[in-house]
Amino acid sequence: MTTTIFATHHYNYPQNFIEMKPKITRLKQAIKKLEANLINADAEVLAQRLASHLGLQVDYASELNANQLLAATTIEGKVLVIAGAGSGKTKTLTYRTSYLIENGVSPKEILLLTFTRKAANEIKGRARALLASTPSFAQRLNEDLVEDKLPKNKALNDITSGTFHSFCNMLLRQYSGLLGINPRFTILDTGDSEDAIDLIHKEKKYPTKITNQAFPRKKTLQNIFSTSRNRRIHIRDLIENSYPDIAVHIPVIEQLAIDFHEYKRANHLYDFDDIISQVVRHLKHNDTFRQLLQNQYRYIMVDEYQDTNIPQKELIDLICAPTSVSLMVVGDDNQSIYAFRGANYENILLFGEGYPEAKLIKLEQNYRSTPAVLDYINALSAQITLGYQKQLYSGVSIEGVKPIFRRLSDESREAKYIADRIIELKPDHDYQDFAVLCRTSFQSNYVQLEFMERNIPFIVVGGIRFIERRHIKDVLAFVKILYNPNDTIAWHRILTLFKGVGSVTATRLTQAINADDNSFEPLLTTKFAKKSTQLEPLYKMLSQASQAESVEAIIELILDFYMPVLKINEDNWRERSEDFRVLKNLALEHDSLDKFLENLALDPPNDSVATAGEPEKGEEGIDKNRNKVTISTIHSAKGLEWPVVFVNSLVDGMTPHYRSLSDFEELEEERKLFYVACSRAKSRLFLTAPDYFSSYSGYFDKVSRFIAEVPADKITVLTVKQPLEESDDPVWW
């Protein structure tokens, strides 16, 4: 069955699709060429390969499936391994490392590059455990035996492994004399870079106050500078395409980028981007340095190749230029979702163009999901325009349950539906078996509030918790002083929002308000009243709000006052303003300020992981600190898995995001992002959408094209009569 579920909906092609055709054609040709070099796992060839290497201690053939074995034992030439979701790529890299060592390769000749230190250590640790089970191997390496007669395998410590940044940092320090650099340079992490940018900005006193548009914050500036370098895009072009609201500041931002670079060089400072780009520069221009690395590293493995950026690809290509250097890169083009970090999806698609003699191996047996879930994932994969052909399959005999799509009247009902399903399935699962995955962090707002109401314990990953976000805390500060004028913390937060009111003035003005029996009059009558023109409007708003008859009216008055302040202070005010809909709707559910504040007064232990609703006492065998539902952005969920996964807000304009709809490449990445979300599910996948989504960005009411374009027989679509009632029986749609 090939008809779509929502055939009546019309979805426009991206505006730049026509101009992208030459690039698309080139990429398709490169993919087709490498597909022609696909090597299959021939049982006889593999048997001969293992037999030709006598003395192997690890039983590779029984531990790996045919294609994993092919990848692990192909140790010459250039190879791309396309590892589908849940196909065991870490296991394959582990056994390939072991196989290299068992075949006499010196650990010092092996370079393993990953995107996390944890991944590199896991591969080395597993390889060490494998070889530890082979006592005769210790004698081959002239190593001592531990008490239980197993080798320590210290030799594996000589493998160079780690992240791209740690590897390049090591090279710059080790070869500083040859490269003519100071080995005592300091590394700036992302936060350090942001602070340095802010310091330079303040010292230089650029003319940034000539417009009504706020100058971007240091975090935004650091991201612009980093993305520009990693994607090789001019700052002007990047801002005009991705940050149009701050385009008026382009000349100042360009100058600030130059000054930032000069500041780093003058003070022997390297940020994360410098570390890799400096090594690449020296590899290009220092023949001795390049030859040293090419002679030392003869066997190179790269994990998550689809996430590499342009400088990282150049680093690999320069070291692997000699045909005698063995290179295996492993990745999944369907999971290339980090363009916002500078990742270049073309790297994996053009691998065959850079290495014409390269071979292709595919890992398609999935060890994660049921056949029913995999059928849907494969249908999603088929909609991705550019990529290697792949068809995931499962060795599990039980078919499982098809993914379920459910559309509900609004986001609150959507959240209730998710909570209902978790409670319904809870007898067969722990809370930690569930995950709710969102395109952006604010899409979890209603889910968080519903979980709080239902005492469902959860953690939030990949975004600051709703009530911890700065703009939400600002608005709640206004509410707090209306409820309790003695709240000096709330007063201080509000007053320092205004230009002309610093920390000292805010403290003194707060003291005057408290001394005047918590009257708002000091905002007008004290000597501090002239510090800011916004104090009088603040007085009028608070006076009016204190007389309002409903929580809803109070929130409306506060937001009317606060929105102009937000626009001045935040360059991403549009995105932040999306959260205010939740406050408005929540206000409708409460008849007093104290109940409204009480509902939001949960205090998470830290800013990165929030918890609520502890499990009931008496649960045995479960770590109550970990037994929580995961609420995560999809980006933060990559590489993880759960038995039951919910993906919400599947309205066109939210998923995919409205900003991607006019750009072919951005829409492709959004489609891959949805693929990543769905492929996290082991046994059950629930997809939900509200009937509409309305915000400052527009009104969206179409089902996500990612749902609509998949054949209807791959998914179960449920609906109920409106209004939704708990007792309504679902019917097929």
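Is Gly86 buried or exposed?

Modeller: This is a predicted model, and the answer below should be read with that in mind. Gly86 has a relative accessible area of 19%. Buried means under 20%, so Gly86 counts as buried.

Gly86 sits in the loop that runs between strand 1 (78-83) and helix 5 (89-102). Leaving out residues up to four places away in sequence, Gly86 touches Gln365, Asn366, Tyr367 and Arg368. The UniProt record, an unreviewed entry, places the feature "binding site" at Ala83, Gly84, Ala85, Gly86, Ser87, Gly88, Lys89 and Thr90. Gly86 is therefore one of the positions named in that record.

Lys89 is another position in that UniProt feature, and Lys89 is found in helix 5. With a relative accessible area of 18%, Lys89 is buried. Not counting residues up to four places away in sequence, Lys89 touches Ala83, Asp303, Glu304, Val330 and Leu363. Ala83 is also listed by UniProt under the feature "binding site".

Glu304, one of the residues that Lys89 touches, lies in the loop between strand 6 and helix 16. Its relative accessibility is 17%, so Glu304 counts as buried. The backbone of Glu304 has a positive phi of about 50°, although Glu304 is not a glycine. As background, most residues other than glycine have a negative phi. Arg232 also has a positive phi, near 55°, and is a residue other than glycine. Arg232 is placed in the loop between helix 11 and helix 12 (235-242). At a relative accessible area of 44%, Arg232 is partly exposed.

As a general point, two packed helices are described by the angle between their axes and the distance between the axes. The axes of helix 14 (residues 272-285) and helix 15 (residues 287-296) come within 5 Å and cross at roughly 105°. Angles of 65 to 115 degrees count as roughly perpendicular, and helix 14 and helix 15 are therefore roughly perpendicular to each other.

Helix 21 (residues 445-454) and helix 29 (residues 580-588) pack at about 40°, with their axes 10 Å apart. Helix 21 and helix 29 are therefore oblique to each other. Asn445, Tyr446 and Leu449 of helix 21 make the contact with Arg581, Val582, Asn585 and Leu586 of helix 29. The class count for helix 21 with helix 29 is 4 nonpolar, 2 polar and 1 charged residues.

Gln443 is in the loop between strand 12 (434-438) and helix 21. At 3% relative accessibility, Gln443 counts as buried. Gln443 and Glu411 are 32 residues apart in sequence, and their C-alpha atoms are 8.9 Å apart in space. Setting aside neighbours within four places in sequence, Gln443 is in contact with Cys438, Asn648, Ser649, Met654 and Thr655. Thr655 is joined to Pro656 by a cis peptide bond, with omega about 5°. In general, most peptide bonds are trans. Pro656 lies in the loop between strand 16 (642-647) and helix 32 (664-678).

Finally, the whole chain. The protein chain has 33 helices and 21 strands. Of its 733 residues, 54% count as buried. Among contacts between residues at least 6 apart in sequence, 78% join residues at least 24 apart.

Methods. Residues are numbered from 1 along each chain as its sequence is written. This is a predicted model: local features need pLDDT of at least 70, side-chain atom pairs count only at pLDDT 80 or more; totals for chains, interfaces and linings use all residues. Side-chain values use heavy atoms; hydrogens and water are left out. Axes are lines fitted to C-alpha atoms, for helices over the stretch in contact, and angles run from 0 to 180 degrees between N-to-C directions. Helices (H or I, at least four residues) and strands (E, at least two) are DSSP runs, numbered from the N terminus. Angles under 35 degrees count as roughly parallel, over 145 as roughly antiparallel, 65 to 115 as roughly perpendicular and the rest as oblique. UniProt positions are given in the numbering used here, feature names are shortened, and annotations may be inferred rather than shown by experiment. Buried means under 20% relative accessible area, exposed over 50%, partly exposed in between (1.4 Å probe, protein chains only). Contact means heavy atoms within 4.5 Å. Ala, Val, Leu, Ile, Met, Phe, Trp, Tyr, Cys and Pro count as nonpolar, Asp, Glu, Lys and Arg as charged, and the others, Gly among them, as polar.
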